[in-house]
Amino acid sequence: GSSSAFPVRDLMDAAATSIGLGAVAAAVTTVLALPAAWLAVRHRGRLASLLERSTYLGSSLPGIVVALALVTIAIRYARPLYQTAPLLVAGYAILFLPRAVVTLRAALAQAPPVLDAVARSLGAGPLATLRRVTLPLIAPGLGAGAALVFLAVVTELTTTLLLAPTGTSTLATGFWQQSSSLAYGAAAPYAALMVVISAPATWLLTRQPRREVPR
């Protein structure tokens, strides 16, 4: 009650930062997941299986371990990357890559490889086949994987606290700062905005495609 506050500018800045980081991390992670899922489905073998399974290692570790490892690497070998947005996005990609790999793997498994062969036989090159045949077929999987990563990034706290550039504030860090000082009234708007921002991605994941009833 007594701690209730609604700083519009701080909330909008934190929301914009959360949306921006979530969108970039979702795009980068989905792009990184595509080759691993492609090899696991279309070119099965020991190397492809090893590559796919290696993507789960980051997710099996606590976020603080991944964040501290990236801090150590950045300080010792890539000092310019320390406390930068690219390093933070890299941390998100390591942690949430399996979410994109799983959805893309399922989407590719439902896309018949024979369609690629037909496109090749009609004169389409590899890139044209990917753009005109494969990507439209797996588009729902791409969207689902990106939505899962976006939802995870918007609410992620530990990695953000350790890797975010100085002065960066997201909805998750704003909520943590207020709630850790027992200012629950001031923390409530940050939580509410996280729910609002997550709603479109959640709708994308749960909606069912409309099926036309045959007449």
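This is a predicted model: local features need pLDDT of at least 70, side-chain atom pairs count only at pLDDT 80 or more; totals for chains, interfaces and linings use all residues.
Q: What does Thr-29 touch, not counting residues up to four places away in sequence?
A: Thr-29 touches Ala-93, Phe-96, Leu-97, Ala-100 and Val-149, where contact means heavy atoms within 4.5 Å.

Q: How do you know that the span of helix H4 (residues 63-77) agrees with its number of residues?
A: Helices (H or I, at least four residues) are DSSP runs, numbered from the N terminus, and the expected span is 1.5 Å times one less than the number of residues. For the 15 residues of H4 that gives 21 Å, and the end C-alpha atoms are 21 Å apart, so the two values agree.

Q: What makes the buried residues of H4 line one face of the helix?
A: The buried residues of H4 are Gly-63, Val-66, Ala-67, Leu-70, Val-71 and Ala-74. Seen down the axis of H4, they fall within an arc of 135°, so they line one face; the arc is that of the directions from the helix axis to the C-beta atoms. These buried residues pack against helix H3 (57-60), helix H5 (85-109) and helix H8 (158-163), whereas Arg-76 and Tyr-77, on the other side of H4, are exposed.

Q: Why does Trp-176 count as partly exposed?
A: Trp-176, in helix H9 (residues 171-180), has 38% relative accessibility, so Trp-176 counts as partly exposed.

Q: Which residues make the nonpolar surface patch of about 580 Å²?
A: Leu-61, Ile-64, Val-65, Leu-68, Leu-161, Leu-162 and Trp-176 make this patch. Patches are made of residues with over 30% relative accessible area and no salt bridge, with nonpolar side chains (Val, Leu, Ile, Met, Phe, Trp, Tyr) joined within 5 Å; a salt bridge is a side-chain nitrogen of Lys or Arg within 4 Å of a carboxyl oxygen of Asp or Glu. The largest share, 3 residues, comes from H4.

Definitions and conventions. Residues are numbered from 1 along each chain as its sequence is written. Side-chain values use heavy atoms; hydrogens and water are left out. Helices (H or I, at least four residues) and strands (E, at least two) are DSSP runs, numbered from the N terminus. Buried means under 20% relative accessible area, exposed over 50%, partly exposed in between (1.4 Å probe, protein chains only). Patches are made of residues with over 30% relative accessible area and no salt bridge: like charges are joined within 9 Å, nonpolar side chains (Val, Leu, Ile, Met, Phe, Trp, Tyr) within 5 Å. Accessible areas come from the Shrake-Rupley method with a 1.4 Å probe; for residues, only the protein chains shown count as cover.
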